[in-house]
Amino acid sequence: MLQDLSIWHILILIAVITLMFGSKRIPEMGASIGKGIQAFKRGLQDAGNAIDEPPPPPPQQPKSVANSGAPKRLSE
């Protein structure tokens, strides 16, 4: 399918795209696509790093002197 693509086909395709989107909008679209690809790659790297690192330990809660863990007695 792509073997039959000649220079004339490419020029007509560029002309149609320019007419549809305008000459000012095409560079903006290219820049936004590039930023999206960079963000995607950065996300993949962050996900890979998160898998390689062990999870942080859970935070320790301070033990209160008043609540030593023993059940309270209602009457003695």
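## Salt bridge and helix packing

The side chains of arginine 25 and glutamate 28 form a salt bridge, with 3.3 Å from N to O (a side-chain nitrogen of Lys or Arg within 4 Å of a carboxyl oxygen of Asp or Glu). By this rule the count is one salt bridge. Both arginine 25 and glutamate 28 belong to helix H2, three residues apart, about one turn of the helix.

The model is predicted: local features need pLDDT of at least 70, side-chain atom pairs count only at pLDDT 80 or more, and totals for chains, interfaces and linings use all residues. Residues are numbered from 1 along each chain as its sequence is written, and side-chain values use heavy atoms, without hydrogens and water.

The helices are DSSP runs of H or I with at least four residues, numbered from the N terminus.

| Helix | Residues | Residues in the H1–H2 contact (heavy atoms within 4.5 Å) |
|---|---|---|
| H1 | 7-21 | Ile17, Thr18, Phe21 |
| H2 | 25-52 | Arg25, Ile26, Met29 |

H1 and H2 pack at about 95°, their axes 9 Å apart; they are therefore roughly perpendicular (65 to 115 degrees). The contact residues comprise four nonpolar, one polar and one charged.

Phenylalanine 21, in helix H1, also belongs to a nonpolar surface patch with Ile12, Leu13, Val16, Ile17, Met20 and Ile26 (residues with over 30% relative accessible area and no salt bridge, nonpolar side chains joined within 5 Å). Together the patch residues have about 630 Å² of accessible area (Shrake-Rupley method, 1.4 Å probe). H1 gives the most to this patch, with six residues.

Terms used
Axes are lines fitted to C-alpha atoms, for helices over the stretch in contact, and angles run from 0 to 180 degrees between N-to-C directions. Helices (H or I, at least four residues) and strands (E, at least two) are DSSP runs, numbered from the N terminus. Angles under 35 degrees count as roughly parallel, over 145 as roughly antiparallel, 65 to 115 as roughly perpendicular and the rest as oblique. Ala, Val, Leu, Ile, Met, Phe, Trp, Tyr, Cys and Pro count as nonpolar, Asp, Glu, Lys and Arg as charged, and the others, Gly among them, as polar. Patches are made of residues with over 30% relative accessible area and no salt bridge: like charges are joined within 9 Å, nonpolar side chains (Val, Leu, Ile, Met, Phe, Trp, Tyr) within 5 Å.
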